[in-house]
Amino acid sequence: MGFLKSIGGVLAALLVLTGCGNDTAESDNGNGKLDVVTTTGMIGDLVENIGGKHVEVSSLMGPGVDPHLYKATQGDVKTLDSADMIFYNGLHLEGKMTDIFEMMSKDKPTIAVTEDFKENQLRKVGATEHDPHVWFDVKLWIVAAEAVKKELIAKDPDHEAEYRENYEEYVLQLEELDKYVHEEINKVPEDQRVLVTAHDAFGYYGQSYGLDVRGLQGINTLSEYGSKDVTDMRNYLVENKIKAIFIESSVPRKAIEAVIQGAGKQGHKVEIGGELFSDAMGERGTEEGTYIGMVRHNTDTIVRALK
Ligand SMILES: [Zn+2]
């Protein structure tokens, strides 16, 4: 009996030793939670809602940060390196981090939340590119939620039941949100359902909820807008008698101001309809600091300005 016990003890010690240095399901943060790092705050919010108390989430890109231009710092690389799992958007939203994701994927799950999206769910831009701003179609964000649920279960099957339960609960909230946006946008007169913003982040939003969407800059913010873009946009506003255009929290506002000035010179008054949260959420603790709050804020702002 004593002999068996001591053998058992030696085996346990060996297991602990060989466990060292390996990435096991439970991380080394000492609290038994999965250490998850995400790029955008929207993805961080999604993982928190589905992971619940079994995950510790940190997001690299805070309020006001533009993911198209974001380059990982040395500190980010350390953070990513010590994570148990990484979730990012994909579809080249984080265009300057591709190499890092590839590197990280060699020793830990490094997952694009858009991995299971079907071709026909994505907006095509040009011949080969896809619009990455999928979170503004709430129904599509449910597809991303599904991927997060699946990957959390794969990494940490012990808590499968809870991940499923959290997912079901959150999906109900998202379905309610989707309904809310439809109802609110329907309050805007049809000929005023035009959403003009600094860059093309709202294509999915427009497609799902019935607005024409125009961005001064294209699908990403990598290329600077030119004076022709400003003139074209000005003409568009004047011709269509658009009353309000919107600034974005993660894009400098000077482009939009140039357009407003141009329209003013032609005798057409355009107002700033408000600030939208496009590629980054608001501060933690504010309404816009959650995904649901951000979509509601944007919708309320748009409806108030265009109604
Ligand atoms: Zn964008």
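**Figure 1. Burial and overall dimensions of the protein chain.** Of the 307 residues in the protein chain, 50% are classed as buried. The model shown is predicted. Its secondary structure consists of 10 helices and 10 strands. The C-alpha trace of the protein chain extends over about 95 × 35 × 35 Å along its principal axes. The protein chain has an accessible surface of about 15,100 Å², and carbon and sulfur atoms account for 50% of that surface. When contacts between residues at least 6 apart in sequence are considered, 68% of them link residues at least 24 apart.

**Figure 2. Confidence along the protein chain and the stretch 1–26.** The protein chain has a mean pLDDT of 90, with 91% of its residues at 70 or more. Residues 1–26, by contrast, have a pLDDT below 50. Beyond near neighbours in sequence, this stretch makes nine contacts in the model.

**Figure 3. The pairing of helices H6 and H10.** Helix H6 comprises residues 160–185, and helix H10 comprises residues 291–306. The axes of the two helices come within 10 Å of each other and cross at roughly 5°. Because angles under 35 degrees count as roughly parallel, H6 is described as roughly parallel to H10. On the H6 side, the contact is formed by Tyr170, Gln173, Leu174, Leu177, Tyr180, Val181, Glu184 and Ile185. Their partners in H10 are Tyr291, Ile292, Val295, Arg296, Thr299, Asp300, Ile302 and Val303. Sorted by class, the residues in this contact of H6 with H10 are 11 nonpolar, two polar and three charged.

**Figure 4. Leu91 in the loop between strand E3 and helix H4.** Leu91 is not a glycine, yet its phi is positive, at about 55°. The residue is located in the loop that joins strand E3 (85–88) to helix H4 (98–104).

**Figure 5. Lys241 in the loop between helix H8 and strand E9.** Lys241 lies in the loop that runs between helix H8 (227–240) and strand E9 (244–248). Although Lys241 is not a glycine, its phi is positive, at about 55°.

Conventions. Residues are numbered from 1 along each chain as its sequence is written. This is a predicted model: local features need pLDDT of at least 70, side-chain atom pairs count only at pLDDT 80 or more; totals for chains, interfaces and linings use all residues. Side-chain values use heavy atoms; hydrogens and water are left out. Axes are lines fitted to C-alpha atoms, for helices over the stretch in contact, and angles run from 0 to 180 degrees between N-to-C directions. Helices (H or I, at least four residues) and strands (E, at least two) are DSSP runs, numbered from the N terminus. Angles under 35 degrees count as roughly parallel, over 145 as roughly antiparallel, 65 to 115 as roughly perpendicular and the rest as oblique. Contact means heavy atoms within 4.5 Å. Ala, Val, Leu, Ile, Met, Phe, Trp, Tyr, Cys and Pro count as nonpolar, Asp, Glu, Lys and Arg as charged, and the others, Gly among them, as polar. Buried means under 20% relative accessible area, exposed over 50%, partly exposed in between (1.4 Å probe, protein chains only). Accessible areas come from the Shrake-Rupley method with a 1.4 Å probe; for residues, only the protein chains shown count as cover. pLDDT is the predictor's confidence in each residue, from 0 to 100.
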